[in-house]
Amino acid sequence: MQEKLNKLKDQAIRELSLVKNIKQLDDVAQKYFGRKGGDLNNILKGLKDLDPEARKEIGSLANEIKEELEAAVEAIRQTLNAKEVESKLESDWLDVTLPVDTNLGHLHPISIVQYELEDLFKGLGFKILDGPELESDYYNFEALNIPKHHPARDMQDTFYVDNSKNTDKWVMRAHTSNVQVRAMKEFGPPLRAVVPGRVFRCESTDASHDTTFDQLEGFMIDEDISIANLIAVMKVMLSAIFKRDVKVRLRPGYFPFVEPGFELDMQCLICGGKGCSVCKQVGWLEIMGCGMIHPNVLKAGGIDPEKYSGFAFGLGLTRFVMMRYGIEDIRHLNSGDLRFLKQF
Ligand code: DAH
């Protein structure tokens, strides 16, 4: 038995000395110390059949050999690891004297303005929320007080998608207002949030219409919220974005999810209200829809309209970007044309 053990040790040492990489090392270690069928382990397992005297003697020799071999495996492993690092360093090198590529990417103009608005609203205590682009008919229309077959649906013709699980269709959301009722249900009142995001319409494209564009929805719900709060927040937002004091006016506008509803105009910054080609000689530019959230919408969101009120607005982020940078055709924005994008 003793002889057998010494032989095994010599053989293991010979095999370890020939190992060239970690994989081979693991194979040899497995062969001798593997839990199932490792040669040395088998001997240790067989000890129980020996008489006590022999068990003690052979047992201590076998353990000694095991420890010695395990130490050898560890030492070889460290050397092999060090060698691997060294050879990696030799092959993976970097020429730090090469000129730096300064042609880095940058944010898309929509993202630039979106992030600016997000920062501004965060400062006013608003949450920034996200929502699904493929939406149920319910959140896109019904929850917003636009029942099926109501003519108001024609204002926002979108893409319907078959929903095999349900008779109700899915829609590509026609506006970011789809997040209003989702947010009311999730957070409850009081609530302040803005929702930037991509929306879709079934449009014939031209210089000012596209099938895909961006909006920023906003709403504020609490006790005693009034139109005065709406106007104040809109003025703060527009003045911050256009970096000067901005005059606004409200005109009645129809949106089924607000009552009263408004179109908000901003005094033209180019002519100061006198009339020019940008504002089509009117002196004012239509910027967004807004109003006081309809009681039916608050109810759909589980909020008591007797106790709470709120304002909402939906701003055409894409429109905003076009005005800010003087972009004359909406189709540039999603074109991916580098001649356009590199200007920002
Ligand atoms: N969702 C409307 C649209 O896409 C915009 C809008 C109007 C949003 C009035 C509002 C609002 O929150 O109060 O045309």
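Mentor: Helix 5 gives four residues to the lining of the second largest pocket, the most of any element. Before you ask, this is a predicted model, where local features need pLDDT of at least 70, side-chain atom pairs count only at pLDDT 80 or more, and totals for chains, interfaces and linings use all residues. Residues are numbered from 1 along each chain as its sequence is written, and side-chain values use heavy atoms, with hydrogens and water left out.

Trainee: What makes something a pocket and not a cavity?

Mentor: Picture a 1 Å grid over the protein atoms alone: a cavity is a set of points where a 1.4 Å probe fits but cannot get out, while a pocket is an open set with protein on both sides within 12 Å along at least five of seven lines. Lining residues have an atom within 4 Å of a point. Grid points are joined across faces, edges and corners, and a volume is the space filled by probe spheres set on the points. The second largest pocket comes to about 230 Å³. Its lining has 16 residues, and those closest to the centre are His108, Ile110, Ser111, Arg198 and Asp214. Two or more lining residues come from each of helix 5 (109-123), strand 5 (191-200) and strand 6 (212-222).

Trainee: How many cavities of 30 Å³ or more are there?

Mentor: One. The largest cavity has a volume of about 40 Å³, and its lining is Ala12, Leu16, Val28, Ala29, Tyr32, Phe33, Leu69 and Val73. Helix 1 (2-17), helix 2 (22-33) and helix 4 (52-91) each give two or more of the residues.

Trainee: Why is helix 1 called roughly parallel to helix 4?

Mentor: The two axes come within 10 Å and cross at roughly 5°. Angles under 35 degrees count as roughly parallel, over 145 as roughly antiparallel, 65 to 115 as roughly perpendicular and the rest as oblique, so helix 1 is roughly parallel to helix 4. The residues of this contact (heavy atoms within 4.5 Å) divide into 12 nonpolar, two polar and three charged.

Trainee: Is cysteine 268 buried or exposed, and how do you know?

Mentor: Buried means under 20% relative accessible area, exposed over 50%, partly exposed in between (1.4 Å probe, protein chains only). Cysteine 268 has 1%, so the label is buried. Leaving out residues up to four places away in sequence, cysteine 268 touches Gly273, Cys276, Cys279, Gly283, Trp284 and Leu285.

Trainee: Why is lysine 243 called exposed?

Mentor: Lysine 243 has 61% relative accessibility, so it counts as exposed. Its phi is positive, about 60°, although lysine 243 is not a glycine.

Definitions and conventions:
Axes fitted to C-alpha atoms, helices over the stretch in contact; angles between N-to-C directions. Nonpolar A, V, L, I, M, F, W, Y, C, P; charged D, E, K, R; others polar.
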